[in-house]
Amino acid sequence: MSLSFEQINESYMDILKELGNIGAGNAATSLSVMLNRRIDMSVPQARIVGFGDLESIIGPEDALVAAIYLEFTGDIQGTIMFVLSQDSAKNLLLLLIGCEMNPKGSDAFSELEISALQEVGNIVAGAYLGAVARFTNLTMKLSVPSFAFDMIGAVLSVPLIEFGQMSDKALFIETDFLNGGDSIKGDFLVIPDMESYSIILNALGVM
Amino acid sequence: MSGVIKVGMADLNAIVSPGILTTLGLGSCVGIVFYDNKNKIGGMAHVMLPTSRIANGDKINEAKFADTAIEKLLELMISMGAKQTFITAKLAGGAQMFASRNGSNDVLKIGHKNVEQTLKILQEKNIKVVAQDTGSNYGRTIELYSESGLLLVKTIGHGVKEI
């Protein structure tokens, strides 16, 4: 059975938020260990967003971002995206590797930088899903990460199209990460497909 | 200063010159642009999927699917005074934003299908596609200038094109 957006009520949203909390907590810890820095996270938001008001959530659709894209499959399926501004991505790389790999002021990312960012996405998403899997007893597998440095609307079109087949809205579980100095600010989006919501709620015994 | 009208995702709109129609951050979605050069009427749709046949539910958003969006946009432009025989089309978008490394992932290739289906429908309707900037792996922002029918395609790191 698949839920429709009309059936997803407040208490379901609270459960999804809590699930986000558990996953993101684990993800923040893994990022913190990797960077040897304190990483704070916001309280996760579960939001249903209409395609028309995307801008109110993500800002202008043509804003430039570094995005790491992963898919998960298994008992539940969906997309994970780790989205960083260009500055945040460069600052993260600086902390991770300890030196600049590209000439200062260079717009694009080198192969090595992309590969490092993909690995960060992989570890953070793995930590997130690992926590969700332990909590729900569901099994899932993570894909190899992909990277894009492009307009946020364009990168988000990928998971949104998936929702578009059934609805004019999408459900996001969103968490912001930032380090103390605010030099790294990332947005972590988990977008399970529609069928997965009822499976999650079932697994938690609330449906 | 003429106005700029923004067309969102799964949305469409049309204007009579002067003015600009724009849609931001086209990824795998396709921007379908119509222009009636005689009457200076421009239209734009930001479609996400090739066909409404896959939709379930009785009430669909026509602007979301290439087939229904084309019909609706034509209707809208004709109601504003355009003639179908004068209308030509330009297309942008339909990129594959992320490389698929897990074998065949249909979702990632939807951009290509969107473009293919759009071209097919336009051919059936006898609407000539005069320019297109589609495919590849990057996002596009487009602006249609309704005085001239010029379409500006802006990208990040892949230049700006007039088509």
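This note sets out, point by point, what may be seen in a predicted model with chains A and B.

1. The contact between the chains. Chain A and chain B each bring 30 residues to their contact. On the side of chain A that touches chain B, β3 (64-74), β6 (146-151) and α5 (152-164) of chain A each supply at least two residues. The largest share of that side comes from α5(A), with ten residues. Sorted by class, the side of chain A that touches chain B holds 16 nonpolar, seven polar and seven charged residues.

2. Two packed helices in chain A. Two packed helices are described by the angle between their axes and the distance between the axes. For helix α3 (residues 86-97) and helix α4 (residues 111-136) of chain A, the angle is about 85° and the axes are 11 Å apart. An angle of 65 to 115 degrees counts as roughly perpendicular, and α3(A) and α4(A) are therefore roughly perpendicular to each other. From α3(A), the residues Ala89(A), Leu92(A), Leu93(A), Leu96(A) and Ile97(A) take part, and they meet Glu113(A), Ala116(A), Leu117(A) and Val120(A) of α4(A). This contact of α3(A) with α4(A) has eight nonpolar residues, no polar residues and one charged residue.

3. The largest nonpolar core. The largest nonpolar core has 107 residues, and those that touch the most other members are Ala67(A), Tyr128(A), Val155(A), Ile32(B), Val47(B), Ala69(B) and Leu73(B). The element that gives the most to this core is α4(A), with ten residues. Leaving aside residues up to four places away in sequence, Ala69(B) touches Leu12(B), Ile32(B), Ala45(B), Val47(B), Glu62(B) and Ala63(B).

4. A buried strand in chain B. All seven of the seven residues of strand β4 (residues 30-36) of chain B are buried, so this strand is largely enclosed by the rest of the structure. In a regular strand the side chains alternate between the two faces of the sheet. Both faces of β4(B) are covered, with Val30(B), Ile32(B), Phe34(B) and Asp36(B) buried on one side and Gly31(B), Val33(B) and Tyr35(B) buried on the other.

5. The partners of that strand. β4(B) pairs with strand β5 (residues 41-47) of chain B in the antiparallel sense, over seven bridges. Within this pairing, Val33(B) has Met44(B) in β5(B) as its bridge partner. The hairpin of β4(B) and β5(B) has four residues between the strands, and Lys40(B) takes a positive phi near 55° there. β4(B) is also joined by seven bridges to strand β6 (residues 87-93) of chain B, and these two strands run antiparallel. Here the bridge partner of Asp36(B) is Ile87(B) in β6(B).

6. An open sheet in chain B. Strands of a sheet pair through backbone hydrogen bonds, either parallel or antiparallel. In chain B, an open sheet of five strands has the order β1-β3-β8-β9-β10, and its pairing is mixed. At its edges stand β1 (4-6) and β10 (160-162) of chain B; each has a single partner strand, so one side of each is left without a neighbour in the sheet. On average, and with direction ignored, neighbouring strands of this sheet are turned by 20° against each other. Strand β9 (residues 150-154) of chain B pairs with β10(B) in the antiparallel sense over three bridges, and Lys154(B) stands opposite Val160(B) in β10(B).

7. A residue of β9 in chain B. Leu150(B) belongs to strand β9 of chain B. With 15 other C-beta atoms within 10 Å, Leu150(B) is partly exposed. Apart from residues up to four places away in sequence, Leu150(B) touches Tyr145(B) and Glu162(B). Between Leu150(B) and Ile70(B) there are 80 residues in sequence and 20 Å in space, C-alpha to C-alpha.

8. Backbone points in the loops of chain B. The peptide bond that joins Ser17(B) and Pro18(B) is cis, with omega about 5°; Pro18(B) is placed in the loop between β2 (11-16) and β3 (20-26) of chain B. Ala10(B), in the loop between β1 and β2 of chain B, has a positive phi of about 60° although it is not a glycine. Ala10(B) is buried, with 25 other C-beta atoms within 10 Å. Asn126(B), in the loop between α2 (110-124) and β7 (128-134) of chain B, also has a positive phi, near 65°. Asn126(B) counts as exposed, with 9 C-beta neighbours inside 10 Å.

Methods:
Residues numbered from 1 in each chain as written. Chains lettered and ligands numbered in written order. Predicted model: local features only at pLDDT ≥ 70, side-chain atom pairs only at ≥ 80, totals over all residues. Contact = placed C-beta atoms within 7 Å. Nonpolar A, V, L, I, M, F, W, Y, C, P; charged D, E, K, R; others polar. Axes fitted to C-alpha atoms, helices over the stretch in contact; angles between N-to-C directions. Parallel < 35°, antiparallel > 145°, perpendicular 65-115°, else oblique. Core = buried A, V, L, I, M, F, W, Y, C linked by C-beta atoms within 7 Å. Buried ≥ 20, exposed ≤ 12 C-beta atoms within 10 Å, placed from the backbone. Pairing = 2+ DSSP bridges.
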